[in-house]
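Subject: Structure handover

Hello,

Here is the structure for your files.

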Amino acid sequence: MPTTQPASDVVAVKLFNKQGQLVGPVRSDYVFKTQAQWKEQLGSERFEILRHQGTERPGTSEFLKNKKDGVYVCAGCNLPLFFANTKFESGTGWPSYFDAIKPNLAEDVDTSHGMRRVEIHCVRCNGHMGHVFEDGPKPTGLRYCVDGLSLNFVETKDYATLAEDAAEATPIDQLASAVFAGGCFWCTEAVFEPVDGVLEVVSGYAGGSKETADYKKVSGGSTEHAEVIRILYDPKIVSFDTLLELFFTVAHDPTTLNRQGNDVGKQYRSAVFYKDDAQKQQVQQYIDKLQASGKFDKPIVTKLEPLEAFYPAEDYHQDYVKLNPSNPYVRHVAIPKVEKLFSKHGELIKGKQ
Ligand SMILES: [Zn+2]
């Protein structure tokens, strides 16, 4: 049963913009509320269906006879889920659709009541919608059997009333990512989090196998992994070259082989994990230019390694500096890097433009 909070607090969804167009997928915050908050918002009848996988009595939904053109949205969080032109008369007594708005509707195998059924729910708030069966009409052959109380209806002319700010953001397929190893990931993560255009920084491991991607093994130095960060960014707001500049001149020292300060070992090596040849070339050109500039009197030892896989680190390593500001290592090693970012690159900070 999809009753737990998902691992990520951000989901990919299609949303209406101010012009009343469905756009995306874009990033949107997961809607998390307590049971009491949901009950207050929904009332007890809707609460039982949406939050406890209840089922409304067949034949009772006001939507069975609704012939208007528009969209059906989640009664919990307003996420658009079904267009009216996919609704059909199934004879079951529940509103039925042959298609859903993807990726807004999620599926889960439900084995309760001694049956194997595919449960459907809103991807943003986890609100239960009903089930999907493979006996629907063409062109999909699917029958989304939905509790009308899980939905609200919005007419086509009113689509703009569903507009959300997140719809104006750059679509997910136009975002880019970079994976940097610059010693302790707590510190490098903290440098990039405040940068405008950076949407997410995740601490993790790269360079080794899945089996060895855990902190105990990596910090012991017996794996091929480096501590890395994966930066998700909007290239319309911040360029890869700017991220490289911050990586090489603020986040770490690229001239010390397999060490950063007191952190020694190849897990603390300086490396850029490139995703393709174009990115590899761009990094090499940047390093050549930086070396030629004379900013460093020692050779830059940063390795260029292909990104085979990225493994997120354990939860307690994420946002470590933000959550542990009084930790002595954080105070002495990480915070000075963040201060350098603010003093030398103030124009790049979120909200400063
Ligand atoms: Zn929802």
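Predicted model: local features only at pLDDT ≥ 70, side-chain atom pairs only at ≥ 80, totals over all residues.

Residues are numbered from 1 along each chain as its sequence is written.

Domains. The domain assignment gives domain 1 as 10–168 and domain 2 as 175–348; such bounds come from an automatic or database assignment. The C-alpha centres of domain 1 and domain 2 are 41 Å apart.

Sheet. Helices (H or I, at least four residues) and strands (E, at least two) are DSSP runs, numbered from the N terminus. An open sheet is built from six strands in the order β5-β6-β10-β9-β8-β7, with antiparallel pairing. Because β5 (87–88) and β7 (105–110) stand at the edges, each with a single partner strand, one side of each is left without a neighbour in the sheet. Strands pair if DSSP finds at least two bridges between them; β9 (residues 128–133) and β10 (residues 143–146) run antiparallel and are joined by four bridges. His 131 stands opposite Cys 145 in β10.

Helix α2 with α7. Two packed helices are described by the angle between their axes and the distance between the axes. Axes are lines fitted to C-alpha atoms, for helices over the stretch in contact, and angles run from 0 to 180 degrees between N-to-C directions. Helix α2 (residues 185–192) packs on helix α7 (residues 328–344) at about 25 degrees, with the axes 9 Å apart. The two are therefore roughly parallel (angles under 35 degrees; over 145 is roughly antiparallel, 65 to 115 roughly perpendicular, the rest oblique). Their crossing is right-handed (the near helix is turned clockwise from the far one by less than a right angle). From α2, Trp 186, Cys 187, Ala 190 and Val 191 meet Val 330, Val 333, Ala 334, Lys 337, Val 338 and Leu 341 of α7, contact being C-beta atoms, placed from the backbone, within 7 Å. The contact residues divide into nine nonpolar, no polar and one charged (Ala, Val, Leu, Ile, Met, Phe, Trp, Tyr, Cys and Pro are nonpolar; Asp, Glu, Lys and Arg charged; the others, Gly among them, polar).

Helix α2 with α4. Helix α4 (residues 240–251) and α2 pack at about 125 degrees, with axes 11 Å apart, so α2 is oblique to α4. This crossing is right-handed. Thr 188, Val 191 and Phe 192 in α2 meet Leu 246, Val 250 and Ala 251 in α4; these residues comprise five nonpolar, one polar and no charged.

Regards

Terms used. Contact = placed C-beta atoms within 7 Å.
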